Amino acid sequence: MVLRPTISSKIASFCTSPKVTLFLLLALAAVSVFGTLEGAAEQGRYDLYYQSLWYRLLLAALAVNLASCTLKTIRRNIRDRSRFMAAMDEGREVEADTVIERGRQALFPQLEAQGYRLSVSGDRCLAERGRPGRWGSTVVHCSCLLIMAGALASELGFVGTRFIYVGQEDSRILDWKTQSERELGFTVRLDDFRAQYYPIDLQITAYPPDSRDPLHTWTTREGERFDLAGSKLSAEVVSFDPFTQELHLKILRDEEVLGDYRAGVGEHTYHEGVDAGVVLYPTAFRDPILKQTYSHVTIVEDGRAVHQGEISINHPLVHRGVSIYQTAFERDKFGFWYVGFQFSRDPGKPLVWVGCVTLALGLLLAFAVPYRVFAIVSTRENCRLRAIKGFNGEAGRLAFEQLTARLKGQAP
């Protein structure tokens with residue numbers, strides 16, 4: 001009597017079909033090619049492809065296919081021993097069987113010493129090793145599902161921006177997705193901002209106090225020292241602000257610091273500090289190269305500060321699951337600093353990270369821990385060893401031959 005497959009079995013077979021998996025992967029790859037062509041962003045293809053309903057339906061179908069295959073492998077792994085036991089035919093010899101002229105009880109200590117786990121049921125015996133490796137592919141499947149779940153959970157988060165002046169605060173941001181303002185749930189206050197540059201090459205010119213005829217010009221940089229001509233004094237460049245063109249020097253006599261000297265040019269030309277005998281102004285400088293920026297912020301809730309920290313490039317501040325990044329900075333025409341911040345909350349990020357770690361673990365198990373199973377079929381005179389799992393191919397055949405040779409006492 002031949003049993004016809006039921007509708008549920010047909011659906012299960014379709015959902016776990018490798019052909020369906022291959023079709024979905026090829027479809028997603030084909031769509032991704034067009035979505036990543038040069039100029040795709042300008043043509044709106046990102047929204048047209050990756051954010052479209054039909055693209056997400058392809059991903060959902062792949063998730064269903066992957067989940068079905070995962071459940072199938074879990075059930076297979078759980079039933080391994082019972083399936084292998086049921087498949088053993090004690091009365092029929094197989095050509096590939098290896099005969100050992102010893103009773104199976106004499107083999108058990110040797111097998112256990114080699115890491116094999118023995119399962120005995122009557123005259124049937126199963127020896128297996130590397131059981132964790134059997135679960136490697138299942139862990140990989142579960143990891144991919146976890147990453148996809150993390151990506152789905154990310155839709156519940158948000159990304160937004162806000163410009164804040166030094167000394168001011170804000171509790172609202174512009175949400176990129178809705179293009180409208182939304183409340184953060186807390187207030188961010190920008191206490192201070194500082195831009196750090198690599199040492200700037202600049203020219204400093206000395207003038208007589210009562211005229212604008214240049215006396216001498218030095219080419220130097222931050223941290224270096226130069227001698228003031230016609231005196232026993234020298235000057236060390238402490239800093240130079242390329243935005244305000246403000247110069248800060250230390251005036252020294254030998255190694256004795258006499259004091260600070262500051263000068264600026266442009267709309268607010270001035271000089272002040274220790275009398276160096278001449279007037280010193282910065283007259284030229286190379287374009288500055290930014291090294292790092294630092295924003296000191298305070299998180300305020302219900303009128304009180306609950307968190308303070310420093311935000312720099314690639315070092316965000318995290319509060320209540322919201323990562324605060326520094327993305328831009330500028331000075332307005334009045335000389336006041338303002339900083340652009342990006343606010344991002346991604347509830348799926350932990351799932352993605354866990355999925356990536358378990359994915360690596362699953363691949364390690366699958367490739368580094370081979371799962372091998374063989375049966376020991378007892379007869380009155382001897383034992384027959386029958387390879388069941390993990391002894392395929394040339395490497396598997398060689399491993400089985402080495403195993404049987406050790407059991408026969410023919411190899412170390």
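Modeller: Alanine 195 stands opposite threonine 293, a residue of strand 15. Strands here are DSSP runs of E with at least two residues, helices are runs of H or I with at least four, and both are numbered from the N terminus. This is a predicted model, in which local features need pLDDT of at least 70 and side-chain atom pairs count only at pLDDT 80 or more, while totals for chains, interfaces and linings use all residues. Residues are numbered from 1 along each chain as its sequence is written, and side-chain values use heavy atoms, with hydrogens and water left out.

Strand 15 covers residues 290-301. On one side, strand 6 (residues 180-197) is joined to strand 15 by ten bridges, and the two run antiparallel. Two strands count as paired if DSSP finds at least two bridges between them. Strand 15 is also joined to strand 16 (residues 304-312), by eight bridges and again antiparallel. In that pairing, isoleucine 299 stands opposite histidine 307 of strand 16. Strands 15 and 16 form a hairpin with two residues between them. Aspartate 302, in the turn, has a positive phi of about 55 degrees.

Strand 15 is mostly covered, with nine of its twelve residues buried. Buried means under 20% relative accessible area, exposed means over 50%, and partly exposed lies in between (1.4 Å probe, protein chains only). In a regular strand the side chains alternate between the two faces of the sheet.

pLDDT is the predictor's confidence in each residue, from 0 to 100. Confidence is lowest in helix 3 (residues 45-50), at a mean of 67, and highest in strand 4 (residues 158-165), at 95. Where pLDDT is low, the predicted coordinates should not be read in detail.

A search of the whole structure finds zero disulfides, a disulfide being a pair of cysteine sulfur atoms within 2.5 Å. The sulfur of cysteine 69 is 8.8 Å from the closest cysteine sulfur, that of cysteine 15, so it is too far away for a bond. Cysteine 125 is in no disulfide either, with the nearest cysteine sulfur, in cysteine 383, 8.7 Å away. Cysteine 125 counts as buried, at 0% relative accessibility, and cysteine 69 is buried with a relative accessible area of 14%.
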